[in-house]
Structure formats: C-alpha cells, structure tokens
Amino acid sequence: MNQYPAPTISIIIPTFQAGGTLANVLESVAKQTSQDYEILMMDGGSSDDTARIAQTYCDQSARFRFFMEPDGGVYHAMNKGIKIAKGQWLLFLGSDDLLYEDETLEKLTSAVTDNDDVVYGNVFSTRFGGFYDGEFDDEKLIDKNISHQAILFNRRVFAILGAYDPAYKVVADWEFNFRWFLSPKIRKRHIDVVVANYADGGLSSRQDDLLFQRNRMLLYVRHGKDRLSFRTKSTILLAEFKRALRGRNVRLLFGILTTIPRVFWLIRLKRTSFDEASRA
C-alpha cells in the first residue's frame, strides 16, 4: 500500500451494517477540494456490503483505511480510531452523514490555529429543521448537545482528558463535551462553518441513554467544578437532592453525596490560599 504524509485531519467513522449509506459519506470525502486528510473506518464486524464498499475506496487511495474487528459499540470504535489516527486534528462522522460541501475540509484546515484545542461549527439536519446550533455557553450545554459531527479536536485534547466513556452507549459524546467545554485547560472556539449534513435516524435519535440522563446534572457539576460558580453547583446539587428524595432514588442520592465533597474541597482550598496570602 502506498504511504502518505501525516495529514492535518483524520476522519474517524464507526461502521456496522452500513452498506446502504457508507459509499455516500466516503464519496463526500473523496471529492473534497483539500486532500490533506485520512479516513479511518472502524467496523464492528459487519456481515453486509460494508467491507466490500470500504475496500473499493481503499483500493483507490491509501488515505482510506478499513479496520474490522468486534467492538463494544460506537464509542469503543471511535476510541480505537483515536489511537491509530495520524492527523493532528480529529473529526468523527457517522456512516450515514455527509460532509456539507466540497470545500468543508479546506475551510476547517484554514480555520484552525496552534492556539486552538477544539473548534466547532454547525451541522445541517432535517431532524433539527435546518442548521444546528450556533455557539454554545455553559448553560446551553446542560440541555443541548454539540453534534460531534461539527467538532474538530486537536489530538492533545484526548491526551489531557482521556477518551470517550463507552459506558454511555448512546451519548458518550455529550459526556465528553462536558469534559472539554467546562475544562479550564482546553481552548475552544466556535467557527461559522457548516461541517456536516447530519443524518436523522442515527443512534442518539433512536435510543435514550438512561445512564447518562440519570447522571447528567451530576456529570455537569463534576466536570465543571473548576469553572462553575459555587452558587451554580450548589443550586444544581440541591435540586438533584430533592429529586432523589421525591423519587426515593438511592443511587442518585449516593451520587450526590459523593459529588458534594469535591465542591467543598475546592472551597476549602480557595479559603486556605486566601488565609495564607493574608498572613504573608
């Protein structure tokens, strides 16, 4: 197989039984005006035409690479892609998504700088009735997720924060978005670029992630412990405490009780630092 220089962007696509849609997303990449990419198809063991279609594109260009082995789901496949990607920037697409226009990768490559850890744009989808969903802030991220198809990650983000948590089978990307968006270590920026045509009918539109929904607010507080105000964290934890009591939810109550010390540990640390500065 012909080798190629390390690309700027690695596009990672988890696949499973994707024979009906895979050619479309691969074609949307192949016709890009920028060829500064590689595409990694991480397959979980498809029995349909997925492998045949993937191999057709691999035969045409070394930049298309196909890996097939059993996996633990979409996010496990994405994590494997992170480990073998050669690019400095990583983009995750679904096997039924499309890059929005032929110049998309060119626009993304031009937009990123050495000072960025994450840049994110928008997606277009009939599911959302058009474009989704502009620039986010802390509060918006509580109730709305940033589509992973719109996000370009510098690979150092995963070195700092770790990979996707496959325990969240449907929306591990939302949990990971909490991590980077609320982290003071990560430099993020919204760009006015539509990255992908996001396909309706994907995993997150067909299933609920009950584990994530149960833990969502606690995850938000935990990942935001260095960024959110004490008042915000206290308000959320109090509301969750009341919800746990009303529902007699012992598991949620335990989660709250293990989260509270993290909040007050930060307060004690700040107070100690203030007292030391006062005595100096």
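Visitor: What space lies in the largest cavity?
Guide: About 40 Å³, where a volume is the space filled by probe spheres set on grid points joined across faces, edges and corners. The model is predicted: local features need pLDDT of at least 70, side-chain atom pairs count only at pLDDT 80 or more, and totals for chains, interfaces and linings use all residues. Residues are numbered from 1 along each chain as its sequence is written, and side-chain values use heavy atoms, leaving out hydrogens and water.

Visitor: What makes a space a cavity?
Guide: On a 1 Å grid over the protein atoms alone, a 1.4 Å probe fits there but cannot get out, and lining residues have an atom within 4 Å of a point. The structure holds 1 cavity of 30 Å³ or more.

Visitor: Which residues line the largest cavity?
Guide: Among them are Gly121, Asn122, Val123, Tyr132, Asp133 and Phe136. Strand S6 (residues 118-125) gives the most, with 3 residues. By class, the lining has 5 nonpolar, 4 polar and 1 charged residues.

Visitor: Why is H1 called roughly parallel to H2?
Guide: Helix H1 (residues 22-30) and helix H2 (residues 50-60) pack at an angle of about 15 degrees, with their axes 10 Å apart. Angles under 35 degrees count as roughly parallel, so H1 is roughly parallel to H2.

Visitor: Which residues of H1 and H2 make the contact?
Guide: Leu22, Ala23, Leu26, Glu27 and Ala30 of H1 meet Thr50, Ile53, Ala54 and Tyr57 of H2, contact meaning heavy atoms within 4.5 Å. By class, this contact has 7 nonpolar, 1 polar and 1 charged residues.

Notes
1 Å grid on protein atoms, 1.4 Å probe; cavity = no way out; pocket = protein on both sides within 12 Å on 5 of 7 lines; lining within 4 Å. Helix = DSSP H or I, 4+ residues; strand = E, 2+ residues; numbered from the N terminus. Nonpolar A, V, L, I, M, F, W, Y, C, P; charged D, E, K, R; others polar. Axes fitted to C-alpha atoms, helices over the stretch in contact; angles between N-to-C directions. Parallel < 35°, antiparallel > 145°, perpendicular 65-115°, else oblique.
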